[in-house]
Amino acid sequence: MRLLLTFVVAAFGVCAMAQESRLPAVAANPFGSAVEEGRALFQMHCSYCHGARGEGGRGADLTTGVYRQGSTDAILFATVRNGIPGTEMPAVRATDEEVWKMVAFVRRIGDTSVREKAPGDPTAGKAVYEGKGACGTCHAVGREGGSLGPELSDVGRRRSLKYLEESIVSPDADVAIRYRTIELVTRAGQSVTGIRLNEDDLSIQMRDRKDDLRSFLKDDLREIRRNRPSLMPGYGKILSRKELDDVVAYLNSLRGEQ
Ligand code: HEC
Ligand code: HEC
């Protein structure tokens, strides 16, 4: 019995020591090629904060390849293993092997050499954006444009080509929390759809389809329907394959310098 106890105490001590040292013993990722397994684990443990593709949300954008904590495999491992104290980034409940696989996935999405070259023509894409697509009615680039949708001035830096294309073809695939569509039904039976801006116990504010700010007292509402379809139309049938490639190339060229 006593022996067992000593053993347990000793085992505890070793665990505590392992916890203390922030960096793992091996510097290089032993599961560096397990990107797909890492992707699946990431969906389970991380995507609700960092987005399905690591594009960020409540958690940081992980696609830039530059991490404030440092970008080596060892530092990423420690960040994911231990979390970042004093922030919302928690320690993960997973085995070391699983953590390494998630690190492999994070490295892949942040690898700038993976940042693909857009097949389209950005100049032609700008014309589609301003003309046929009328994207500027809802989006701003620099100071020009509407504010119903997210500003796109640096969208090429924040998002992958695939994400950009998906945003245009299937706007509902991944809607940022700040751009969720709500529908309010007033007691008089009038329905107003828009982007939810703010809400407290008594009132709710939104930006309606015309990009006007509206505020409602909850007492005046019969119903609040959340998670309505995106206000952005799907362009899959509106744009040709080439026009789509061109618009994506244009967006990809927007890196916040204008
Ligand atoms: C509850 C939300 C949440 C979850 C779950 C979460 N994170 Fe985070 N993560 C954050 C936040 C918030 C930050 C930014 C912390 C800060 O620096 O202020 C962050 C930061 C990071 C960073 C460092 C970014 C940098 O620039 O240094 C990495 C890497 C990271 N998270 C990876 C992961 C991985 C991998 C998982 C899944 C195992 C995960 N996170 C789970 C919220 C979360
Ligand atoms: C009627 C308004 C409206 C129009 C027109 C519109 N969008 Fe959007 N767009 C939105 C809204 C709202 C969102 C945020 C919700 C979502 O992701 O569906 C959005 C999201 C996006 C995103 C994702 C941005 C990010 O940071 O994740 C991209 C990219 C985008 N739009 C590009 C375009 C392009 C290109 C066009 C023209 C071909 C266009 N939009 C036309 C309203 C619009």
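**Entry 1: Asn227**

I looked up the exposure of Asn227 first. Asn227 is exposed because 10 other C-beta atoms lie within 10 Å; a residue is buried with 20 or more other C-beta atoms within 10 Å of its own, exposed with 12 or fewer, and partly exposed in between, with C-beta atoms placed from the backbone. The model is predicted: local features need pLDDT of at least 70, side-chain atom pairs count only at pLDDT 80 or more, and totals for chains, interfaces and linings use all residues. I note that residues are numbered from 1 along each chain as its sequence is written, and that chains are lettered from A and ligands numbered from 1 in the order in which they are written.

I found Asn227 in strand β7, residues 221-228. Helices (H or I, at least four residues) and strands (E, at least two) are DSSP runs, numbered from the N terminus. Asn227 is not a glycine, yet its phi is positive, about 55°. Most residues other than glycine have a negative phi.

**Entry 2: Ala134**

I then turned to Ala134, another residue other than glycine with a positive phi, near 45°. Ala134 sits in the loop between α6 (122-130) and β1 (140-141). Ala134 counts as partly exposed because it has 14 C-beta neighbours inside 10 Å.

**Entry 3: Ligand 2**

Which residues are closest to ligand 2? I listed Gly133, Cys135, Cys138, Gly149 and Ser230, among 26 residues that surround ligand 2. A residue is near a molecule if its C-beta atom, placed from the backbone, lies within 6 Å of it. By class, this shell has 19 nonpolar, six polar and one charged residues. Ala, Val, Leu, Ile, Met, Phe, Trp, Tyr, Cys and Pro count as nonpolar, Asp, Glu, Lys and Arg as charged, and the others, Gly among them, as polar. Helices α8 (161-169) and α9 (241-253) each supply at least two residues of the shell, and α8 gives the most, with three residues.

**Entry 4: α8 and α9**

I next examined how these helices cross. The axes of α8 and α9 come within 10 Å and cross at roughly 125°. Axes are lines fitted to C-alpha atoms, for helices over the stretch in contact, and angles run from 0 to 180 degrees between N-to-C directions.
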